[in-house]
Amino acid sequence: MTTAGEERSAGPGRFALGPTLTAVELTKRFHGVPALQDVSLELWPGEVHALVGENGAGKSTLMRILAGEHAADGGSVAINGRPARLGTPALARDLGIALIHQDSIHAPHLSVAENLFLGRLPTRGLMLDRTRLLADATRTLARVGAGDSIPARTPFGALSVAKQQLVDIARALTVDARVVIMDEPTASLSAAETEHLYRIIDELRADGVAILYSSHHLEEVCRLADRATVLRDGRLTGRAVRGELTPASLTTLMLGRELPVTSLPAQSAGNATGELRLDVRKLSGPGFAAVDLTVARGEIVAIYGLVGAGRTEFLHTLYGLSRATSGEIRVDGRVARIGHPRHAIRHGMGLVPEDRKGLGIFAGRSVSDNLLLAGYPAVSRAGVLFGRRTARAAHQLATSLRVKAARLSMGAAGLSGGNQQKLVIGRWLHRDSDILLFDEPTKGIDVGAKADVYRLIDEAAATGKSVLVVTSEPEEALRLGHRVLVMCQGGLVAEFTRDEADEASIRACAFGALGSKDTKGPATS
């Protein structure tokens with residue numbers, strides 16, 4: 001493993017004598033604060049170059065500079081050996097650079113086809129050539145395996161997060177890109193969709209496209225990457241080539257230390273009392289049916305399932321974002337009629353949603369506001385906020401959550417994904433919510449922030465809170481859950497205790513190969 005002070009080449013790509021893109025000592029500051037400092041890298045034809053680092057390490061800043069979305073304050077970029085000016089996304093696109101964002105950027109009321117070719121819509125004379133647009137869109141969607149599942153006429157905003165991600169990937173393929181930058185492309189994809197993306201990457205490699213690939217899934221990085229660049233606090237801290245890539249070595253370079261082993265395996269058996277707090281009986285709603293489950297005080301129940309299994313829809317119905325069509329929800333033994341999130345909040349529920357930016361944080365509000373807004377009564381009297389009390393509460397909460405922010409008055413939008421997630425969790429801890437609902441709690445966050453989120457979930461259960469976690473990561477379900485329930489095609493198909501559960505069994509149940517609503521543990525039939 002090479003460090004930032006050592007140069008080691010992985011060798012040129014097999015398509016050219018030189019790199020497709022060369023970045024030299026790129027630097028970027030925001031409001032005087034360095035976000036990227038003297039970072040250099042090369043992208044070769046037919047190679048996958050991984051960009052690795054914690055949230056806030058500078059990865060997104062570097063990718064956006066290369067895609068023309070940010071202007072660098074220093075350094076230079078060359079394409080095929082010639083100096084390049086990347087002042088706007090259009091200029092970068094003209095130079096053959098395409099960026100696939102982690103968070104979809106789209107026009108939700110336009111069709112999928114119109115979003116695919118936005119800014120480049122085909123015309124016939126002065127009119128939109130709709131026939132050609134739909135044909136081109138259908139052909140492009142087929143390249144990412146979505147030709148049947150995503151009709152080109154569908155409004156983009158009606159798609160799930162996973163399908164929006166597939167459309168974003170397809171949009172990059174509509175440009176004859178020689179450099180494709182992928183920011184967490186598998187974050188919202190199912191296992192089958194992820195495998196299809198890998199096949200697309202192999203096709204791009206075979207065509208000589210240079211790929212810059214950012215992911216928090218280090219096993220994924222080790223599988224795909226020919227070389228890797230590691231960033232920490234905006235600086236280059238190491239490089240590695242394929243034979244040197246391991247999750248452990250990359251983690252050490254990312255964090256500047258080895259991650260403690262105690263943060264990875266399942267920890268305590270919890271503080272479950274056996275006293276039921278949440279009791280769901282035959283609940284049905286959009287995307288799921290006849291779900292029965294219970295969560296005791298001090299218990300963590302994990303629901304594992306693939307994208308599309310109905311997990312998020314179930315959680316949204318519990319929280320009142322969707323209406324149940326039948327069934328019953330009981331809280332502390334009493335029927336809870338929940339038709340709106342405010343009803344759920346009154347019953348002591350707090351939701352940490354999968355869509356952190358859309359449903360979680362208030363991007364235009366401060367870090368302090370995001371932490372305290374669900375529990376303002378604790379720092380106010382007769383509706384009047386006390387500045388000193390508010391500041392003290394926000395500081396204490398941010399410290400306990402390990403929120404990394406330059407100041408608590410800064411906008412929440414300026415924080416990394418992991419720190420934004422801590423704000424949403426902290427909001428419900430400050431309110432002292434008794435039932436915590438987590439939907440993909442570590443999606444798109446780095447290993448250090450993930451360890452912090454796991455700690456917060458463990459501590460919440462240890463203090464007697466009831467926790468329900470929905471996840472598409474089997475390791476996460478096994479790490480967190482005192483019990484693991486498996487969801488498939490809108491229903492619960494299996495239940496495991498912590499001692500019974502293993503990755504192979506819960507994966508098999510999620511794919512429908514094992515499991516029955518009427519059994520505990522793997523089915524034997």
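Which two strands form a hairpin with 2 residues between them? I started there. Strand 17 and strand 18 form that hairpin. In its turn, Asp332 has a positive phi of about 55°. I noted what counts as a strand: a DSSP run of E with at least two residues, while a helix is a run of H or I with at least four, and both are numbered from the N terminus.

**Ground rules**

I am reading a predicted model, where local features need pLDDT of at least 70, side-chain atom pairs count only at pLDDT 80 or more, and totals for chains, interfaces and linings use all residues. Residues are numbered from 1 along each chain as its sequence is written, and side-chain values use heavy atoms, with hydrogens and water left out.

**Entry: the hairpin and its partner**

I checked the pairing next. Two strands pair if DSSP finds at least two bridges between them. Strand 17 and strand 18 are antiparallel, with 2 bridges. Val331 faces Arg334 of strand 18. Strand 17 (residues 326–331) also pairs with strand 14 (residues 276–285), again in the antiparallel sense, over 5 bridges. There, Asp279 has Arg330 as its bridge partner. I reminded myself that strands of a sheet pair through backbone hydrogen bonds, either parallel or antiparallel.

**Entry: Ile338**

I moved along the chain to Ile338. It sits in the loop between strand 18 (334–335) and helix 10 (341–346). Is Ile338 buried or exposed? Ile338 counts as buried because its relative accessibility is 12%. The cut-offs are under 20% relative accessible area for buried, over 50% for exposed, and partly exposed in between, using a 1.4 Å probe and protein chains only. I then listed contacts, meaning heavy atoms within 4.5 Å. Leaving aside neighbours within four places in sequence, Ile338 touches residues including Leu318, Tyr319, Ile329 and Met349. Gly320 is also among its contacts. The C-alpha atoms of Gly320 and Ile338 are 5.4 Å apart, with the two residues 18 apart along the chain.

I traced an open sheet of 6 strands, in the order 19-22-23-16-24-25, with mixed pairing. The twist averages 20° from one strand to the next. Inside the order, strand 16 (residues 300–305) and strand 24 (residues 483–488) run parallel over 5 bridges. Gly305 stands opposite Met487 of strand 24.

Which strands does helix 15 touch? Helix 15 (residues 447–462) packs on the sheet and touches strand 16, strand 22 and strand 23 (466–471). Its direction makes about 150° with that of strand 23. Helix 14 (residues 417–431) lies across strand 19 and strand 22 (435–439), at about 180° to strand 19. For such angles, axes are lines fitted to C-alpha atoms, for helices over the stretch in contact, and the angles run from 0 to 180 degrees between N-to-C directions.

**Entry: cysteines**

How many disulfides does the whole structure hold? I found 0. A disulfide here is a pair of cysteine sulfur atoms within 2.5 Å. Cys488 counts as buried at 13% relative accessibility. Cys509 is buried too, at 0%.

**Entry: the whole protein**

The protein has 17 helices and 25 strands. Of its 525 residues, 56% are buried.
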